[in-house]
Amino acid sequence: MRIWLFGFFIFSLLRVCCQENVTNSIKEEWYRAKLSDKGVSLERKAGYLDSLVALEGEDDPLMLYMEKANVLYSLGRYREGLELQRRIQPLIPKDSVRMRFHSKWQEGLFAFTVSDYLTAVEAGYTLLGEKKPSSLKYYDFYGCTLLVDFYTLAGEMDLARKYIHVGLEVLRTSPLSGWFTEKERRRFECIFLRLSAQLYLREGKFEQAYEKLREARLKMPDDVSRMSNYILYAEISAKKGERDMAADYYNKALDVKTDNFQKACAVVGYMKLLLDMEQPDSAMAVMHLYDKDVTKIAGSPLEREHLENMAEYYSQKGEYGLQAEALKQLIAINDSIYKSATLIGVKGIAERYEDGNTQRELAQLESTGRIKSWLIASLAALLLLSVAAIVWMVRKSLRRKREFAEAERRIDRLGTEYDEWMRDSKTSLESRNQQLSSMTMYMARLNEALTSIQEAADDKGSGEEARIERIKSIVGALKREENVWEMFRVYFEQVNQTFFDRLFRLCPTLTKAETRMCAFILINLTTKETAILTNRSVRTVETIKHNLRKKLAITEPSEVYMRHLSTATPEELLILQARIAANTAPKHP
């Protein structure tokens, strides 16, 4: 009986375990299917990867972690990705050489993106310096890309160019494998060619930059490469002053369907271009349209440029308080960058890794006495450097505060000058409008005089001599007022500068009566007021207005059209001319 009970217990336990394994297997298949589904968002894929890690336990989560790192980079969660790499590196077996190199490369990539340059450079030199089988030699140029990016940022162009050449040499000599295919080789050739183009761009050598980009375009026509090429083309065009062409290239880059970090670069560059063209509203529209990419900028090397864009935007919009806040953040980031550069010590890093005597110097420190002496000297030097760095940073901080205070005073002064200018302009405009109104009434009185002449001529009840005397009296008054229209025109153009010139450029065939009618429409006279002023009937005025709308191809209210014409830019005038040309063109059956 006991044996039977024991057997039944074992059977039940095995059954439960099998059911659990089957359930876990179904869940795993479902999660993996979701990961390969292109319609699933990246946020959900990150959650599915965590669920797979929990299901597989301690068996083999490393490949899943590597895949999650790629997802985190696409999401812009760079610090989370950096912490993930640091957490999994101790878990990588010593015999998993490829995985160890891959993790080190991803650590360097995340570190550079969050401005942790020391970690990025350490990763780059580690990838280059460690011995590896020929099948993994391609990780050398992963390290080269990190070093080129860093030394370009640090302004060390010779070192940046050196590692471009090293990377290209490794590309030519590395054997192809399952991990390193011909497509991957072409992709990295394209990357190094673009890096060369960036160096030439910074040196102002535009033709050489164009040549490298043309080579890159032929190597790899995929979406990420096309977007990166368009961004560089846009930067070159902007440097050359070809802003319209630069805007076209930025639009092409943003039209590429990809979540690569380069899209954030395109957004920042395009905003700067639009702000340089004094189009702040368009720049803000671009930022809102690509807000998902803008969220990836925080903490990255692009954040400084983005804050400069925001400060310029608020300046152009006259929002000086918000501009001051953006400048404060920019100063804080600048201080952080300078601090990072001090701690890293660009020259120290170059000497540490580039000096071929490093190994020999380390060998000479084997004795205990020398090691102690070296440590003491190093600590003393470090103490002196720390004191010097603190003094330097305090002085720098004080200088930054003075600069910021001066910037605030300048902003306040500009705001005051702007307010005074607006008040003066408003006063001048009111004065001109009063003069124009007076002139309009003056013309109305003259037209009344003309009406009186007509009435005197038609008055059969008075004697001929009396009528002639009356007409002479009115004509004498008219002679004194014969230049009234010219006086009106002078006052009108003082208020509405270049209006008649714009009108003549738009339609040279307008009659004098139609030209005057345009002026009366602009100052918002009604049809009845215009009829009284010009001594015409209301029907005649309406006929002139109708002919005017046909000649100028007016589709909106006439007052709106005239106001638009008085402030139109040269480009808008061309559009209005095109409308008139299209309206007057012969219509073929």
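Buried here means under 20% relative accessible area, exposed means over 50%, and partly exposed is anything in between (1.4 Å probe, protein chains only). The model is predicted, so local features need pLDDT of at least 70 and side-chain atom pairs count only at pLDDT 80 or more, while totals for chains, interfaces and linings use all residues. Numbering runs from 1 along each chain as its sequence is written, and side-chain values use heavy atoms, with hydrogens and water left out.

Salt bridges come first. With the cut-off set at a side-chain nitrogen of Lys or Arg within 4 Å of a carboxyl oxygen of Asp or Glu, the count comes to 21. One of them joins R161 to E203, with the closest N and O atoms 3.4 Å apart. Helices are taken as DSSP runs of H or I with at least four residues, strands as runs of E with at least two, and both are numbered from the N terminus. On that basis R161 sits in helix α8 and E203 in the loop between α9 (182-202) and α10 (206-219), so this bridge ties together parts 42 residues apart in sequence. R161 is partly exposed at 22% relative accessibility, and E203 is partly exposed too, at 33%. R161 also lies over the face of Y200, 5.5 Å from the ring centre; the rule here asks for NZ of Lys or CZ of Arg within 6 Å of the ring centre and within 35 degrees of the ring normal.

D248 and K252 pair at 3.6 Å between the closest N and O atoms, and both belong to helix α12, four residues or about one turn apart. K252 counts as partly exposed at 36% relative accessibility, as does D248 at 38%. In helix α20, R400 and E403 meet at 3.9 Å, N to O, and are three residues apart, about one helical turn. Here R400 is buried, with a relative accessible area of 16%, whereas E403 is partly exposed at 44%. Elsewhere, E83, R86, K104, E107 and D116 are linked in a salt-bridge network.

Next, the aromatic rings. Rings of Phe, Tyr and Trp (its six-membered ring) pair if their centres lie within 6.5 Å, and planes under 30 degrees apart count as stacked, over 60 as edge-to-face and the rest as tilted. That gives 13 aromatic pairs. Y125 and Y163 make an edge-to-face pair, 6.0 Å centre to centre with 85° between the planes. Y125 lies in helix α6 (residues 117-129) and Y163 in helix α8 (residues 157-173), so the pair ties together parts 38 residues apart in sequence. Both of these tyrosines, Y125 and Y163, are buried. Y233 and Y249, by contrast, are stacked, at 5.2 Å centre to centre and 20° between the planes. Y233 is in helix α11 (residues 223-239) and Y249 in helix α12 (residues 243-255), so parts 16 residues apart in sequence are tied together. A single aromatic cluster is formed by F101, W105, Y139, Y142 and F188, and the charged end of R100 sits over the ring of F101, 5.4 Å from its centre.

E278 has a positive phi, near 60°, in the loop between α13 (262-276) and α14 (280-289), and is exposed at 64% relative accessibility. A553 has a positive phi as well, near 55°, but is buried, with a relative accessible area of 10%.
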